[in-house]
Amino acid sequence: MGYDVIIIGSGAGGGTLAKRLAPSGKKILILERGDFLKREPENWNVRSVFVENRYISQDTWYDGSGKPFQPQVHYFVGGATKMYGAALYRLRKEDFEELSHHDGTSPVWPISYEEMEPYYSQAEEMYQVHGQRGIDPTEPFCSAPYPFPAVSHEPRMQRLFDDWTKAGYHPFPAPCGIMLNEKDMGFSRCVRCNTCDGFPCLVQAKADAEMIGVRPALEFPNVTLLRGVRVQKLLTNPAGTAVTEVVTEKGTFRGDVVVVSCGAANSARLLLQSANGCHPGGLANGSDQVGRNYMYHNSQAVLAFSIEPNLTRFQKTIALNDFYFGMEGFEYPMGNIQMIGKTMGAMFKGEKPLLTALVPTAVLNRIAHHAVDFWLSTEDLPRPENRVTVDPEGRVTLSYTPNNQVPARKLYEKLKSMLGSLGMHPNYLIPRRAYLKTEIPLAGVAHQAGTCRFGNDPKSSVLDTNCKAHELDNLYVVDTSFFPSIGAVNPSLTAMANALRVGDHLLQRLK
Ligand SMILES: Cc1cc2nc3c(=O)[nH]c(=O)nc-3n(C[C@H](O)[C@H](O)[C@H](O)COP(=O)(O)OP(=O)(O)OC[C@H]3O[C@@H](n4cnc5c(N)ncnc54)[C@H](O)[C@@H]3O)c2cc1C
Ligand code: SF4
């Protein structure tokens with residue numbers, strides 16, 4: 001069967017692109033290895049989601065030393081956005097430029113912030129982002145206001161906001177992609193629950209790639225979605241200049257244009273698995289860059305203890321970028337501080353199973369009653385040796401050596417030093433996961449990016465500035481693989497904006 005465009009993967013990149021192309025009338029096929037994520041009571045059940053890992057794939061990947069692990073990937077229509085916290089940030093203008101970090105240089109992007117800016121505004125409109133401009137001192141130029149007002153703070157968060165402000169810092173309302181109407185909660189689709197970040201939304205009120213991208217695209221008769229279809233390989237013409245067939249477990253498909261958007265690790269895997277005589281090192285891999293430069297942020301999920309109880313339900317309303325580019329006495333970028341979903345007692349059972357095995361949930365609930373949860377992101381730098389590889393049996397290895405750890409530690413220490421003045425116990429800022437260190441382990445691939453970076457030079461990049469493979473005429477990649485660097489804010493909005501940008505290019509091309 002022939003299509004004008006085949007999109008492989010329906011997450012932030014693929015789902016957004018499908019929506020952009022749908023009104024064109026072109027014949028579009030979306031191939032998604034997962035199914036619709038079922039609406040069921042377990043969506044909001046802490047035990048099912050955090051302890052039993054109900055929505056995490058059964059994949060086994062291996063680290064650089066050959067040790068197996070279960071990556072936290074989510075194979076559903078909508079991809080990882082079904083589980084995401086919907087914190088939809090723009091990269092800073094400086095993230096598009098060369099930036100000096102403690103451990104080296106974060107490279108310049110081949111397009112400027114100004115080129116991406118209109119698409120950021122469109123993506124914010126599309127994904128119904130709630131926020132407020134003009135407060136974050138690192139905010140780049142924005143051509144449009146947020147389409148919706150910022151999500152209000154609950155009392156304990158308002159106090160944190162006020163305390164930070166009193167201390168001379170510049171907290172700002174975190175940008176959130178949720179369908180919340182605080183003026184009329186009787187009509188609001190979002191009920192402002194405490195099971196958002198890391199959970200699917202039972203009432204379909206999260207602005208995820210299924211609800212905002214795929215479902216609206218499917219209203220057009222020219223768009224077809226095939227679920228439960230995993231793409232195994234891409235075949236090319238004899239000259240190796242174009243993809244001719246998309247091979248799946250359930251048949252082979254032909255498309256004039258083929259767009260890969262399987263998530264950074266799986267997109268690299270697909271290209272590497274598609275090696276042939278013309279592309280012996282993997283499809284589009286003459287530069288030997290496919291799979292390299294894997295990044296996933298130096299992220300830390302930590303909790304502090306509020307002296308007064310923290311009764312917040314929806315906690316993800318505040319962020320702080322005062323240390324994004326460093327601070328007095330430390331001139332290198334440190335990153336972003338934001339809130340994450342509120343801890344609940346039962347979560348500890350999944351996050352710290354050994355420590356909490358014999359502790360009754362009621363006791364854990366009392367601890368959680370005072371917990372205030374922060375997410376700290378520091379940029380990790382692209383390194384060629386941090387990479388995805390695939391062996392002949394299809395085994396995926398993710399080799400990763402951390403870098404830029406000093407600024408991550410500084411950010412942690414800075415936050416800890418402030419706790420006393422924020423109404424929290426000054427001595428405790430503890431990791432939320434069952435590891436000795438605060439960093440998220442390799443299995444936490446939520447922010448994966450960078451394995452097929454775009455650039456002007458085919459020798460050092462996989463994709464051109466339109467995210468088309470340098471070496472093939474009809475192959476594109478639109479997930480977070482294209483990032484040459486990851487900045488220190490959550491990646492989805494950039495993937496969405498870029499998919500809209502690439503969509504405009506494809507609309508021109510398909511004309
Ligand atoms: C718990 C959690 C919280 C997060 N919170 C935030 C947040 O608050 N803000 C933010 O910006 N980001 C957040 N993220 C990250 C965000 O979800 C990802 O950055 C984003 O979804 C990446 O988009 P993508 O298109 O690259 O990949 P994905 O969204 O993962 O989409 C890839 C799709 O490809 C499909 N696929 C894979 N292989 C194949 C194949 N061979 N054949 C067919 N289909 C295939 C997958 O099933 C999937 O649907 C979070 C992620 C998680 C897991
Ligand atoms: S806070 Fe709103 S969007 Fe998030 S899971 Fe709850 S109802 Fe859904």
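Which residues of H6 are buried? The close-up views below, drawn from a predicted model, begin with this helix.

Figure 1. The buried residues of H6 are Ala264, Ala265, Asn266, Ser267, Ala268, Arg269, Leu270, Leu271 and Leu272. Because nine of the ten residues of H6 are buried, the helix is largely enclosed by the rest of the structure.

**Figure 2. Asn293 and His297 in the loop between H6 and E12.** This loop connects helix H6, residues 264-273, with strand E12, residues 298-306. Most residues other than glycine have a negative phi. Asn293, although not a glycine, has a positive phi of about 60°. Its relative accessibility is 3%, so Asn293 counts as buried, the cut-off being under 20%. His297, which also lies in the loop between H6 and E12, has a positive phi of about 75° and is likewise not a glycine. With a relative accessibility of 2%, His297 counts as buried.

**Figure 3. Crossing of helices H1 and H11.** The axes of H1 (residues 12-21) and H11 (residues 492-510) come within 8 Å and cross at roughly 40°. The two helices are therefore oblique to each other, and their crossing is right-handed. On the H1 side, the contact involves Ala12, Gly13, Thr16, Leu17, Arg20 and Leu21. These meet Ala495, Met496, Ala499, Leu500, Val502, Gly503, Asp504, Leu506 and Leu507 in H11. By residue class, the contact of H1 with H11 comprises ten nonpolar, three polar and two charged residues.

**Figure 4. The largest nonpolar core and a separate core.** In soluble globular proteins, nonpolar side chains tend to be buried together. The largest nonpolar core of this model holds 114 residues, of which Tyr127, Leu234 and Leu475 touch the most other members. Helix H11 gives the most to this core, with nine residues. Another core, of 25 residues, lies apart from the largest one and includes Val302, Met339, Leu415 and Leu429.

**Figure 5. Surroundings of Leu475.** Leaving aside residues up to four places away in sequence, Leu475 touches Leu234, Val243, Val258, Val260, Leu271, Leu283, Ala284, Cys467, Lys468 and Ala469. Among these neighbours, Leu234 is named with Leu475 and Tyr127 as touching the most other members of the largest nonpolar core. Leu271, another residue touched by Leu475, is one of the buried residues of H6.

Key: Residues numbered from 1 in each chain as written. Chains lettered and ligands numbered in written order. Predicted model: local features only at pLDDT ≥ 70, side-chain atom pairs only at ≥ 80, totals over all residues. Heavy atoms only, no water. Axes fitted to C-alpha atoms, helices over the stretch in contact; angles between N-to-C directions. Helix = DSSP H or I, 4+ residues; strand = E, 2+ residues; numbered from the N terminus. Parallel < 35°, antiparallel > 145°, perpendicular 65-115°, else oblique. Left-handed = near helix turned anticlockwise from the far one by under 90°. Contact = heavy atoms within 4.5 Å. Nonpolar A, V, L, I, M, F, W, Y, C, P; charged D, E, K, R; others polar. Core = buried A, V, L, I, M, F, W, Y, C linked by side-chain atoms within 4.5 Å. Buried < 20%, exposed > 50% of the residue type's maximum accessible area, 1.4 Å probe, protein only.
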